[in-house]
Amino acid sequence: MVATTAADIVRTADGIPLKERLRQVELSRKIRAFGLVLPLFLFIFVSFGFPIVVMLSNAVDDPEYIGDPLMHTMEALRGWDGEGVPDESAFAALAADLKEAQKTKTTALIGKRLNYVLSGIRSKIITTGRKVEKLEAGPFKDALIGIDPVWGERATWQAIQQADYRFTSLYLMTVLDRTWPFASNATRVEDDSVKVNSWLLAILALLAAALIASRASRDWSPAGPYLFAGALSAFFLMVIQQPDAIARYGVAGTGIVAALASVIVRLHPVWRRTSLYLLCSAVLCLAWFVVLSTTVSVDPDQAVYVAIIVRTFWISVLVTLVTLVLGFPVAYLLASLPIRTSNLLMILVLLPFWTSLLVRTTAWFVLLQDNGVINDTLQFLQLADHPLKLIFSRFGTIVAMTHIQLPFTLLPIYSVMKTIPPSHVRAARSLGAGPFYAFWRVYFPQTMPGLAAGCLLTFILSLGYYITPALVGGPTDQMVSGFIALAINQENNWGKASALGTILLVATMILYFVYNRLIGIDKMKFG
Amino acid sequence: MKIKLGLAGLLMTGVAAIALSAAKPAAAEDQLTVVSWGGAYQESQREAFMKPFQKDTGTKITEEEYNGEIAKIRAMVQAKSVTWDVIDIDTQTALAACAEGILETIDWKKLGLDRSKFIGGDLQDCAVPNIVYATVIAYDTTKLNPGPTSIKDLFDLQKFPGKRGLQNNPFINLEWALIADGVSIADVYKVLNTPEGVDRAFKKLDTIKSEVVWWTAGAQPPQLLADGQVAITSAWNGRIYNAVQKDKKPFKIVWDAQGFDWDWWSIPKDGPRVDLAYKFITYSSQPDKMANQTKYISYGPANKDAIPNVDPAVLPNLPTAPDNMTTALIVDPQFWADKGEELRTRFNAWLAK
């Protein structure tokens with residue numbers, strides 16, 4: 001063997017080693033490609049990425065942090081054990097802080113932030129701020145309690161103590177209908193009966209998980225993620241509406257079972273992945289157990305947000321299903337008709353895109369109202385003796401949303417169907433398959449990439465609907481976006497708005513993860 | 001090639017710079033941006049205040065519309081690019097925005113106005129009252145005869161069967177429920193401040209819940225009445241008055257327990273034209289200007305001196321008319337600033353049940 005010499009290296013005409021030259025070319029091409037995407041990248045970063053980061057941080061990094069105006073009070077409270085009422089030093093510090101806050105006009109902001117935890121305390125703080133200016137010397141304890149008895153309550157001081165944390169769980173807790181034990185209205189007795197419908201939902205989710213798992217796996221190991229996701233969602237649905245004590249046992253039990261199962265399952269090499277997922281579930285159970293042990297659910301008549309979030313996902317699922325059922329046959333028809341006819345029909349499909357969303361929603365308003373076209377016709381034909389409740393209802397919401405979303409589901413399916421050679425079904429038929437069997441086993445699986453893409457598109461777009469439910473929906477059809485707008489525009493509570501957005505984003509990402517494991521994003525075709 | 005590109009780039013930047021500078025207001029002092037709620041209300045302000053002000057001072061007024069979103073004011077002030085000079089604002093938002101420090105504290109001396117002459121003038125630090133409006137109940141006289149006469153009738157399904165239109169908000173509805181349940185108007189907020197009082201109000205609302213159509217926009221109630229979707233509806237008095245005057249609808253307002261509330265002028269903090277904004281507010285608070293506004297909409301002028309100038313035919317239709325005031329419920333902004341979020345949450349939970 002001759003050692004490689006310089007002469008052996010392949011060089012280009014100007015004497016640079018080919019390898020080097022290739023790398024240079026590759027690099028400059030990369031830079032050029034990067035330069036091409038740079039404007040879009042910057043645009044997306046500035047208009048999309050950055051706001052999302054701000055939103056996520058606002059949900060935990062208290063946007064209305066009051067640790068600065070209440071600096072001395074916070075310091076004095078750091079030594080307080082949380083029993084009874086703190087001593088004179090804390091009262092003196094509070095009086096000093098409030099005096100200062102009166103000067104800088106931040107009293108109302110302190111009141112506003114504490115009002116999130118203890119409703120009604122805002123005006124008491126403002127009144128105290130006004131009166132505390134006249135207090136010259138101590139003792140402040142009796143003087144403050146004299147101004148308002150609220151200062152003699154333990155909960156007030158605990159709320160202030162909690163506000164010391166710049167990173168707070170307050171907003172996330174609020175949108176999960178939970179609160180700190182001290183802030184809960186203990187006068188109301190908790191209903192200890194187990195709520196049946198949530199168990200039913202849990203069983204349904206488990207069944208779905210089992211179905212998915214059995215379908216998706218020939219050997220059991222890749223089924224782990226589905227089992228994990230299914231169990232997690234079942235578990236989530238199960239505990240979310242339960243009284244705290246029951247939920248806590250449920251979580252602890254599930255966690256222990258998952259941890260044990262993880263250890264046992266690990267003995268078999270094939271199940272290694274599943275074991276990992278089970279371990280993850282156990283860790284999540286632990287986290288949830290901590291949440292359940294440190295917080296309590298709010299009064300039943302204050303619990304709205306979980307219901308709103310569940311409702312948002314439920315409406316989106318329904319709209320996705322309806323668009324699929326309506327869109328799939330149309331897509332099939334379009335793909336199989338001669339090009340001239342199908343183009344004409346395609347224009348009809350695209351027609352809704354030519355008018356704005358608001359106009360289309362308003363059109364549905366006209367059609368669906370009590371003395372609108374549909375109800376008048378039904379009554380004229382004697383099919384109904386009184387106007388049906390079409391508008392301001394779930395029905396109206398689903399109909400209007402389906403109309404708007406239909407092309408989004410249909411178009412990806414259509415474009416995939418266009419690429420399926422008709423010869424496949426013919427071959428199946430000639431080999432003896434019946435028409436349904438040939439469709440179901442040969443044609444339908446090939447439409448999956450488009451179907452998956454269309455459904456995903458519609459589902460995610462539906463989650464963000466705001467105008468349509470507001471106009472044609474009833475009060476129980478309003479979705480998360482509407483409440484985000486309410487929190488930002490009316491209540492001026494950006495922390496809560498961010499927390500709602502965060503929950504929506506995280507839940508969507510979990511669903512997307514499951515969806516991706518089921519179908520595979522690389523297999524999706526948008527058109 | 002590279003040089004050409006560079007030149008072109010330079011040229012483009014230059015053009016963009018010129019375009020941008022041209023887009024900026026030419027001079028600060030000869031124009032003013034006034035923001036209000038649109039519709040017939042802003043129309044009345046345009047006729048009574050904006051147009052005369054432009055004519056008298058030569059200042060060009062640019063109008064914009066909003067929906068009371070505090071977020072827009074907040075974003076503007078925080079970004080230090082205030083483009084709204086004067087805003088028409090509701091009681092709640094003014095209170096919240098003032099606490100937030102995004103509104104100018106009003107200097108009444110600078111305004112040159114007598115604060116005591118304004119109804120509710122001392123209620124807010126950052127706002128000047130401009131009109132008084134009422135949330136009332138109304139019905140169609142051709143369908144209900146005799147019609148309801150008190151707020152109790154709104155809750156009486158036996159006497160007046162049929163759907164009710166109510167605003168999709170606990171605001172006023174809870175107060176009315178308590179009044180209909182026998183609480184005296186003076187005690188409403190005292191009772192509503194207790195958990196038992198809130199329970200009592202929701203219990204009363206329960207009795208008509210199945211018959212309620214919830215409205216969200218002020219334009220809806222007259223439409224609901226006209227379409228026969230509801231027998232009785234709550235509404236803002238100006239909207240009903242307009243439907244009667246302009247569209248000749250046979251609607252009638254019941255003034256019992258009218259929810260008496262204000263709209264205000266405010267100035268976003270640290271704007272470039274604060275002085276001119278003050279001038280505009282002073283101008284449109286003059287008795288003759290305020291009286292003139294009642295020609296276009298039936299909201300009461302907040303300046304008491306304006307009353308003698310109001311057309312006697314319009315007077316009985318204003319919330320401030322003595323006959324209408326006998327059982328008025330003055331909305332307590334402090335109560336709603338305290339309990340608003342809690343009660344709204346409870347209201348939404350109640351709706352979903």
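Among contacts in chain B between residues at least 6 apart in sequence, what percentage join residues at least 24 apart? In this predicted model, the share is 71%. Chain B has 353 residues, and 46% of them count as buried. Its secondary structure comes to 15 helices and 10 strands. The C-alpha trace of the chain spans about 85 × 50 × 40 Å along its principal axes.

Strand β7 of chain B covers residues 232-236. The strand is mostly covered, with 5 of its 5 residues buried. Its side chains point two ways. B:I232, B:S234 and B:W236 point one way from β7(B). B:T233 and B:A235 point the other way. Residues on both sides are buried.

Two strands that pair with β7(B) were examined. β4(B) pairs with β7(B) in the antiparallel sense, over 5 bridges. Within this pairing, B:T135 has B:W236 of β7(B) as its bridge partner. β5(B) and β7(B) run parallel and are joined by 2 bridges.

B:P146 lies in the loop between β4 (128-140) and α6 (151-154) of chain B. A cis peptide bond joins B:N145 to B:P146, with omega about 0 degrees. The C-alpha atoms of B:P161 and B:G120 are 38 Å apart in space. In sequence, these two residues are 41 residues apart.

Helix packing in chain B is illustrated by α3 and α4. A packed pair of helices is described by the angle between the axes and the distance between them. Helix α3 (residues 70-78) of chain B packs on helix α4 (residues 91-100) of chain B at an angle of about 25 degrees. Their axes are 10 Å apart. Angles under 35 degrees count as roughly parallel, so α3(B) and α4(B) are roughly parallel to each other. The crossing of α3(B) past α4(B) is right-handed. On the α3(B) side, the contact is made by B:I70, B:I73 and B:R74. On the α4(B) side, B:T93, B:A96, B:A97 and B:E100 take part. By type, the residues of this contact divide into 4 nonpolar, 1 polar and 2 charged.

One is A:F392, with a phi of about 55 degrees. A:F392 sits in the loop between α16 (373-380) and α17 (394-418) of chain A. Is this residue buried or exposed? A:F392 counts as buried because it has 23 C-beta neighbours inside 10 Å, and the cut-off for burial is 20 or more. The other is B:A257, which also has a phi of about 55 degrees. B:A257 is found in a strand, β8 (residues 251-266) of chain B. B:A257 has 25 C-beta neighbours inside 10 Å, so B:A257 counts as buried too.

The two chains touch each other. The contact takes 24 residues from chain A and 26 residues from chain B. On the side of chain A that touches chain B, the elements giving two or more residues are α4 (107-115), α5 (121-132) and α21 (480-490) of chain A. Which element gives the most to this side of chain A? It is α4(A), with 4 residues. The chain A side divides into 9 nonpolar, 9 polar and 6 charged residues.

Helix α4(A) is also largely enclosed by the rest of the structure, because 8 of its 9 residues are buried. The buried residues are A:T107, A:A108, A:I110, A:G111, A:K112, A:R113, A:L114 and A:N115. Within chain A, the buried residues of α4(A) pack against α3 (88-104), α5 and α7 (154-162). In chain B, they pack against α4 and α15 (333-352). α4 of chain B is also the helix that packs on α3(B).

Terms used
Residues numbered from 1 in each chain as written. Chains lettered and ligands numbered in written order. Predicted model: local features only at pLDDT ≥ 70, side-chain atom pairs only at ≥ 80, totals over all residues. Buried ≥ 20, exposed ≤ 12 C-beta atoms within 10 Å, placed from the backbone. Contact = placed C-beta atoms within 7 Å. Nonpolar A, V, L, I, M, F, W, Y, C, P; charged D, E, K, R; others polar. Pairing = 2+ DSSP bridges. Axes fitted to C-alpha atoms, helices over the stretch in contact; angles between N-to-C directions. Parallel < 35°, antiparallel > 145°, perpendicular 65-115°, else oblique. Left-handed = near helix turned anticlockwise from the far one by under 90°.
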